[in-house]
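Here are some notes for a colleague who is opening this structure for the first time. Please keep the model in view while reading the numbered points.

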Amino acid sequence: MRSIESASLSALMIFILAVALAMIGIQTGIEPLIHLSRWVAAVSALLHVWVALSGTRLAVSARRHLIARWGRTRSVRLAPLRRGLRNVTAGLIAAWAVAVLFVLMVPFMRLPVHIPDAGLIYALSIIASSIHAIFGTALYRQLAYRLQETRRLPAAGHIRL
């Protein structure tokens with residue numbers, strides 16, 4: 001769980017570094033800084049993909065655990081876990097959208113050279129990553145907590161309705 005949080009925040013910080021390198025390279029005309037910013041942005045994109053992939057693995061594992069242990073049982077005690085899975089599914093859609101956005105940003109680190117107002121694209125990307133770092137990791141933490149809560153519940157054949 002902590003690794004997802006750390007990777008999400010690291011991806012955000014690394015992308016901020018990439019943007020700073022690109023802007024300094026563009027302002028000073030130092031071409032190697034612009035190339036370096038692409039590599040740094042690629043590392044950030046890889047971390048965003050890893051966060052989305054890890055969140056997907058967590059959600060799939062939780063779903064498998066729910067079905068293996070309780071099947072299709074509709075118990076009030078399982079409602080928080082099912083709700084948490086629905087919330088995480090929505091969060092995963094956002095996580096994959098952010099990951100794709102950052103993968104697509106890598107080739108465009110040089111964009112402000114040609115379009116001066118392109119900094120707005122970077123700002124929106126940083127905002128999207130920040131929102132995911134805050135809310136996405138909170139959803140994953142909530143799901144992990146709900147999984148821990150349900151471990152104390154008896155298996156499907158032993159639940160009394």
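How many residues does helix 2 have, and how far does helix 2 reach from its first C-alpha to its last?

1. In this predicted model, helix 2 has 40 residues and spans 59 Å between its first and last C-alpha atoms, which is close to the 58 Å expected at 1.5 Å a residue. The residue that follows helix 2 is Gly-71, and its phi is positive, near 60°.

2. Just after helix 1 comes Gly-29, with a positive phi of about 80°.

3. A description of two packed helices rests on the angle between their axes and on the distance between those axes. For helix 1 and helix 5 the angle is about 170° and the axes lie 9 Å apart; since angles over 145 degrees count as roughly antiparallel, helix 1 and helix 5 are therefore roughly antiparallel to each other.

4. The residues that helix 1 brings to its meeting with helix 5 include Ile-4, Leu-12, Phe-15 and Met-23, while those on the side of helix 5 include Tyr-122, Ile-126, His-132 and Tyr-140. Sorted by class, this contact of helix 1 with helix 5 has 11 nonpolar, 7 polar and 2 charged residues.

5. The largest nonpolar core has 20 residues, and the members that touch the most others are Leu-66, Leu-81, Val-88, Tyr-140 and Leu-143. At least two residues of this core come from each of helix 1, helix 2 (31–70), helix 3 (79–105) and helix 5 (119–150), and helix 2 supplies the largest share, with 7 residues.

6. Leu-143 deserves a separate look: when its neighbours within four places in sequence are left aside, Leu-143 is in contact with Leu-58, Ala-59, Ala-62, Leu-81, Gly-84, Leu-85 and Val-88. There is also a second, separate core, which has 17 residues, among them Val-98, Met-105, Val-106 and Met-109.

7. Is Ala-41 buried or exposed? Ala-41 has its place in helix 2, and because its relative accessibility is 0%, Ala-41 counts as buried. Not counting residues up to four places away in sequence, Ala-41 touches Phe-15, Ala-18, Val-106 and Met-109. Ala-41 and Ser-125 are 84 residues apart along the chain, and their C-alpha atoms are separated by 12 Å.

Note on methods:
Residues numbered from 1 in each chain as written. Predicted model: local features only at pLDDT ≥ 70, side-chain atom pairs only at ≥ 80, totals over all residues. Heavy atoms only, no water. Helix = DSSP H or I, 4+ residues; strand = E, 2+ residues; numbered from the N terminus. Core = buried A, V, L, I, M, F, W, Y, C linked by side-chain atoms within 4.5 Å. Buried < 20%, exposed > 50% of the residue type's maximum accessible area, 1.4 Å probe, protein only. Contact = heavy atoms within 4.5 Å. Axes fitted to C-alpha atoms, helices over the stretch in contact; angles between N-to-C directions. Parallel < 35°, antiparallel > 145°, perpendicular 65-115°, else oblique. Nonpolar A, V, L, I, M, F, W, Y, C, P; charged D, E, K, R; others polar. Expected span 1.5 Å × (residues − 1).
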